Amino acid sequence: MIVILKENPDQAQLDGLLQWLEERHITIHRSVGSHHTILGLVGDTSSLDIDLISALDIVEDVKRVQEPYKNANRKFHPEDTVIRIGNLEIGGGTLTLFAGPCSVESEEQIVGIAKAVKASGAAVLRGGAFKPRTSPYAFQGMHIDGIRLLLKAKEATGLPICTEIMDASQLPLFEDIDILQVGARNMQNFALLKALGKTEKPVLLKRGMAASYQDLLMSAEYILAGGNPNVILCERGIRTFETYTRNTLDLACIPSLKTLSHLPVIIDPSHATGKAALVPSMAAAAVAGGADGLIIEVHNDPAHAKCDGPQSITPAVFDSLAKKLKRIHDITRGDREYD
Ligand code: PEP
Ligand code: MN
């Protein structure tokens, strides 16, 4: 349920309403907009009398929210969520480029790529240390050594780090990591999502390969309901009958998710296509379509990459792509309003 308050509500009446709701074990999320404050009510609201609340002087309107996701719902929080990491702002009309290899392979590799993508305009370094591979015989990542190398790359460039966490027990290893990636295969690892909800770290939540928008938003809800508001949604392609591309990139998710939710939406054209040659055009389409950012696999030697070489672009291709994306963003930003 959402309660839209009138402008400048009487404080004593508001305190009375809040107390009355708290006595009924309702959790209240306040969203202060430029004109109105919205109270998002979470909990068992079925017994609340909508007419009673509507009749209060301080109340403009009361609506039931049908969707099962509440905290992630734009009705609860009409303004875009902006996630801040130092001076970096993700969401709210900005364009943030995450770039780096699928997996960390050596110090030379990760620091070299970090310097290159930073020079081209990337704001976040991506790189996997713990890799969720389909085959147990494939390279599984450098684990804690990979985390150490990512932190060296951060020291060398100042770029914040985004890397995948596969299990809640790994959290202590990620203390100095800036953005925790939850991979497509772990989107419904509810124990992990609950543990991330208890942290304040930004989480990049990837859409499962057979997950609907509602499934994705319900997974985000686990993190938000735990008290962590810093969730970034990421589309990385879904499974369809098409086999030419590794997955099928669902770009309609951008306006859809941004209508349904206030959370930033970023696109991963690398896993979505599986082909380096397709990455630039899909990245461009995503920016034109209103994405808040992109996460792109970049490797200095794709032919010899330990993981996902065929979909990795080189630093040189990333450099020209980043320039093009900036131009597209400059033309299209501010075009859209979601409500
Ligand atoms: C990755 O980012 O390298 C990765 C494994 O992604 P996904 O979970 O989307 O497959
Ligand atoms: Mn990958």
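Is L192 buried or exposed, and what is its relative accessible area? L192 is buried, with a relative accessible area of 0%; buried denotes under 20% relative accessible area, exposed over 50%, and partly exposed the range in between, for a 1.4 Å probe and protein chains only.

## Basis of the model

This is a predicted model, in which local features need pLDDT of at least 70 and side-chain atom pairs count only at pLDDT 80 or more, while totals for chains, interfaces and linings use all residues. Residues are numbered from 1 along each chain as its sequence is written, chains are lettered from A and ligands numbered from 1 in the order in which they are written, and side-chain values use heavy atoms, with hydrogens and water left out.

## Domain organisation

The protein chain comprises domain 1, residues 2-63, and domain 2, residues 83-332; such bounds come from an automatic or database domain assignment. Between the C-alpha centres of domain 1 and domain 2 the separation is 37 Å.

## Manganese site

Four residues coordinate the manganese ion (ligand 2): C102 through SG, H271 through NE2, E297 through OE and D308 through OD, at 2.1 to 2.4 Å. Donors are N, O and S atoms within 2.8 Å of the metal (3.2 Å for Na, K and Ca), and sites may look incomplete because water is not among the atoms. The spacing of the donor residues in sequence is C-x168-H-x25-E-x10-D. Distant parts of the chain are linked by the pair H271, in helix 8 (residues 269-273), and E297, in strand 14 (residues 293-297), which are 26 residues apart. Helices (H or I, at least four residues) and strands (E, at least two) are DSSP runs numbered from the N terminus. Both H271 and E297 are buried.

## Surroundings of ligand 1

The residues around ligand 1 are C102, R126, K131, E164, Q181, G183, A184, R185, K206, R236, H271 and E297, where a residue qualifies if one of its heavy atoms lies within 4 Å of the molecule. This shell holds two nonpolar, three polar and seven charged residues. In this classification, Ala, Val, Leu, Ile, Met, Phe, Trp, Tyr, Cys and Pro are nonpolar, Asp, Glu, Lys and Arg are charged, and the others, Gly among them, are polar.

Oxygen atoms of ligand 1 lie 2.8 Å from a side-chain N or O atom of R185 and 2.6 Å from one of R236. For E297, a polar side-chain atom is 3.3 Å from an oxygen atom of ligand 1. Ligand 1 taken alone exposes 300 Å², of which the protein buries 97%; the areas follow the Shrake-Rupley method with a 1.4 Å probe, and for residues only the protein chains shown count as cover.

## Selected buried residues

H299 is placed in the loop between strand 14 and helix 10 (315-332) and is buried at 3% relative accessibility. Its side chain makes a polar contact with the side chain of E105 at 3.1 Å. A polar contact is a pair of N or O atoms within 3.5 Å; within protein, one must be able to donate a hydrogen and the other to accept it, and residues adjacent in sequence count only if both atoms are side-chain atoms. T245, in the loop between strand 12 (231-235) and helix 7 (253-260), is buried at 17%. A polar side-chain atom of T245 lies 2.7 Å from the backbone oxygen of N247.

V62 belongs to strand 4 (residues 59-63) and is buried, with a relative accessible area of 9%. V62 and V3 are 59 residues apart in sequence, with their C-alpha atoms 4.6 Å apart. L192 lies in helix 5 (residues 190-197); L192 and P315 are separated by 123 residues in sequence and by 33 Å from C-alpha to C-alpha.
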